[in-house]
Amino acid sequence: MLNGLRGEAGLAPLKPSPALEEAAMQHAMDMARNGFFSHTGSDGSTVASRVRAAGYGFCQVAENIAKGQESPKNVMRSWVDSAPHRKNLLLRDIEEYGLVRAPGDIWVLVLGRGGCGS
């Protein structure tokens, strides 16, 4: 669904990134374990610091989070229907993504373009 949306907008498809997936998983599990829902981690981390910790030197990075959706299709629909989240999905310069689901139906999508150092 993500790459379909991007294709409809004339944008290149995204490739999965193990490093972005790792950053997404660390944040999703932090939220699940510690009972909160925020772009800021329980340790004060940001998406940028989490991505760097996963070894991904980025030029651009963005993060979408969601809670309660029971399938990838439902979470993507929620993000598509939300203007700020949709804007992230359609960022022109991103090339890769990592998407995870943690217990409690906590979803984290990290989008990025690497290659600019750490």
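Me: How far apart do the end C-alpha atoms of residues 2–103 lie, and what share of the span is helix and what share strand?
Reply: In this predicted model, the end C-alpha atoms of that span lie 22 Å apart, and the span is 46% helix and 19% strand. The UniProt record, an unreviewed entry, places the feature "domain: SCP" at residues 2–103.

Me: Why is E63 called buried?
Reply: The relative accessible area of E63 is 8%, and since buried means under 20%, E63 is counted as buried. Its place is in strand β2, which covers residues 58–67.

Me: What makes the pair of E63 and R50 a polar contact?
Reply: The side chains of E63 and R50 come to 2.9 Å, and the cut-off for such a pair of N or O atoms is within 3.5 Å, so the pair meets that limit. Leaving aside neighbours within four places in sequence, the residues in contact with E63 include R50, H27, H39 and V108.

Me: Why is β2 described as largely enclosed by the rest of the structure?
Reply: Seven of the 10 residues of β2 are buried, and therefore the strand is described in that way.

Me: What makes the link between C59 and C116 a disulfide?
Reply: The two sulfur atoms are 1.6 Å apart, and the limit is within 2.5 Å, so the pair qualifies. The structure holds one disulfide, and with 85° about the S-S bond the link of C59 and C116 is right-handed. Because C59 lies in strand β2 and C116 in the segment after β4 (106–114), the pair ties together parts that are 57 residues apart in sequence.

Me: Why are C59 and C116 both called partly exposed?
Reply: Partly exposed is what lies between buried, under 20%, and exposed, over 50%. C59 has a relative accessibility of 26% and C116 one of 47%, so each counts as partly exposed.

Me: How do you know that A53 is exposed?
Reply: A53 has a relative accessible area of 70%, and exposed means over 50%, so A53 is counted as exposed. A53 is found in helix α3, residues 47–53, and although A53 and A23 are 30 residues apart in sequence, their C-alpha atoms are 7.6 Å apart in space.

Key. Residues numbered from 1 in each chain as written. Predicted model: local features only at pLDDT ≥ 70, side-chain atom pairs only at ≥ 80, totals over all residues. Heavy atoms only, no water. Helix = DSSP H or I, 4+ residues; strand = E, 2+ residues; numbered from the N terminus. Buried < 20%, exposed > 50% of the residue type's maximum accessible area, 1.4 Å probe, protein only. Polar contact = N/O pair within 3.5 Å; in protein donor to acceptor, adjacent residues only side chain to side chain. Contact = heavy atoms within 4.5 Å. UniProt positions renumbered as here; feature names shortened; annotations may be inferred.
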